Amino acid sequence: MDMSSMNNLAAMVPNKPGHQYQCPPAMPAIPMATQKPNSSVGDSGQQLDLASLLSIASQNNPTLRQAQAHVSAETGKAIQAGLYPNPTVRYSAEQIGVDGTAGEFQGGIISQEIVRGGKLQLSRSKFLQRVKAAEALALAQQFRVCNDVRIQFYNVLAQQQKVTIQIELVKSSKDANVTAREAFNMGQANAADVRRMNVALQRTRLNLIAEQNKLRQTVRGLSALTGMELNGTLLVGELDGQSIPIDFESVLSELFANSPEMIAARCKLQADKITVQRETVEPIPNLQLEGGVGHNFEANETVAVAGVSFRLPIFDRNQGTIQQARADLSRQCSELERLQGRLKQDLAIQFEEYQTATQYLDQFRQSILLELKEAYRLMLESYKDNRTDWNEVLLAQSDYFTARQEYLDWLLKWRKADVLIEGMLLHGGLMAAAGPTPAGHIDAVAKPR
């Protein structure tokens, strides 16, 4: 290599930092999303607590109206199924025009079907059981809506705190960036260190944007549940709380006894038992009675007519429908077992979440947060006494803020598990309200039975 090439290469090598001022790599620009006002809750001055949100949701959530419509529909079926058949009135004229006369007989006849076998009472009893099932399912839907509102409410509270923590982390990262730039000009850091701090700063800014976006999403989700626009509304409540030890078997027994889903399933089972009885008596023939009065023109006298008829259950003895009703009853017995198994499985999942979250929260309260906060305080004192550098202080601060975020995550998990366990494991406040009749069951016609 000749001398001129060596001189050119030397010209490309920057002077050692600290020998003279050099401009460090530029600080990254703030992402556009953080330059806009944070459109979240708390700007309009209106305040709502959890009780107010539950009241609003009870009035506005459409699935609750659906559930009440199911109750009304089943009540209508119960009314219709027990109504007695209407009588039939007809006018009869026989042999009109024979020998130019007005006929042999003309008169009015009334007929009435007499229902036998207690069919109407059984039909009404069956649908009254379905009314009870619909009422239990309406209660279950109320649990679903209230549980979802509670969970989403706590989610918003947690997300608000996460945004606050992330803002502090951005400030901390910016301080670290400024420290790196100052160290660069003091000869204690190089350009690569500054660029790494630039990346770290930009990541924390992006994390802040993500947390702000998530906050807006949770507020919109809560708005959908309550049927009220909540953007700009301050939510007032307490995310933290005291966990209470619970016993799995006791909660499971309570679920089996009082869960609205179990109550509805038992009502359906009773309705299916009555359905078997109702379809068994269907072959008992109803009587068709008729009577009337008219004029016999041949004898020139007022005469009466009477008659009775009924169907003989020879070919159609309702055997197919009876088989279907018994199959429905068998299926509903299995449905009760399936529902118990599903409740036990869901409770096991939430019970584990509750226990684990409780254990973590206890340690965070008693040890982790206290230790990290004290470590941060000690680092600050050491920095004031010139016994440590600023980067160590920032690292301790970042560890403390990160632990606070983890604490919020566990608080949210604990709240969710607590709400679901207390709320009979029901959720899905915007799912269509379930009706009392599963697919495949014998259902109503113009005259339900």
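In which loop is Tyr 84 found? Tyr 84 is placed in the loop between helix H4 (62-81) and strand S2 (88-94), where helices (H or I, at least four residues) and strands (E, at least two) are DSSP runs numbered from the N terminus. The structure is a predicted model, in which local features need pLDDT of at least 70 and side-chain atom pairs count only at pLDDT 80 or more, while totals for chains, interfaces and linings use all residues. Residues are numbered from 1 along each chain as its sequence is written, and side-chain values use heavy atoms, with hydrogens and water left out.

The protein contains ten helices and six strands. Of its 449 residues, 39% are buried; buried denotes a relative accessible area under 20%, exposed over 50%, and partly exposed the range in between (1.4 Å probe, protein chains only). Among contacts (heavy atoms within 4.5 Å) with a separation of 6 or more, 84% are accounted for by residues 24 or more positions apart.

The largest nonpolar core comprises 66 residues. Such a core is a set of buried Ala, Val, Leu, Ile, Met, Phe, Trp, Tyr and Cys residues joined through side-chain atoms within 4.5 Å. Helix H3 (50-60), H5, helix H6 (191-226), helix H7 (248-258), helix H8 (260-280), helix H9 (319-384) and H10 each supply at least two residues of this core. The greatest share comes from H10, with 14 residues. Leu 53, Val 149, Leu 235 and Leu 347 have the most contacts inside the core. When residues up to four places away in sequence are not counted, Leu 53 touches Leu 48, Val 149, Phe 153, Leu 222, Thr 226, Leu 230 and Leu 235. In soluble globular proteins, nonpolar side chains tend to be buried together.

Helix H5 (residues 119-185) and helix H10 (residues 390-422) have axes that come within 10 Å and cross at roughly 175°. Axes are lines fitted to C-alpha atoms, for helices over the stretch in contact, and angles run from 0 to 180 degrees between N-to-C directions. H5 and H10 are therefore roughly antiparallel to each other, a class assigned to angles over 145 degrees, whereas those under 35 count as roughly parallel, 65 to 115 as roughly perpendicular and the rest as oblique. The residues of the contact of H5 with H10 comprise 14 nonpolar, ten polar and nine charged. In this division Ala, Val, Leu, Ile, Met, Phe, Trp, Tyr, Cys and Pro count as nonpolar, Asp, Glu, Lys and Arg as charged, and the others, Gly among them, as polar.

Tyr 84 is partly exposed, at 42% relative accessibility. The C-alpha atoms of Tyr 84 and Ile 114 are separated by 8.6 Å, although these residues are 30 apart along the chain. Not counting residues up to four places away in sequence, Tyr 84 touches Gln 112, Glu 113, Ile 114, Val 115 and Leu 120. Gly 107 lies in strand S3 (residues 105-114) and is buried, with a relative accessible area of 6%. Leaving aside neighbours within four places in sequence, the contacts of Gly 107 are Arg 90, Tyr 91, Ser 92, Val 293 and Gly 294. Gly 107 and Asn 296 are 8.7 Å apart in space, C-alpha to C-alpha, and 189 residues apart in sequence. Met 186, in the loop between H5 and H6, is exposed at 56% relative accessibility. The C-alpha atoms of Met 186 and Gln 22, 164 residues apart along the chain, are separated by 9.9 Å.

Ser 259, in the loop between H7 and H8, counts as buried at 0% relative accessibility. Residues up to four places away in sequence not being counted, Ser 259 touches Glu 254, Leu 343 and Met 424. Met 424 is found in the segment after H10 and is buried, with a relative accessible area of 11%. Met 424 has a positive phi of about 60° although it is not a glycine. Phi of Asn 386, in the loop between H9 and H10, is positive and near 60°. Asn 386 counts as exposed, at 69% relative accessibility. Most residues other than glycine have a negative phi.

The whole structure was also searched for disulfides (pairs of cysteine sulfur atoms within 2.5 Å), and zero were found. Cys 23 is exposed at 61% relative accessibility, and Cys 146 is partly exposed at 24%.
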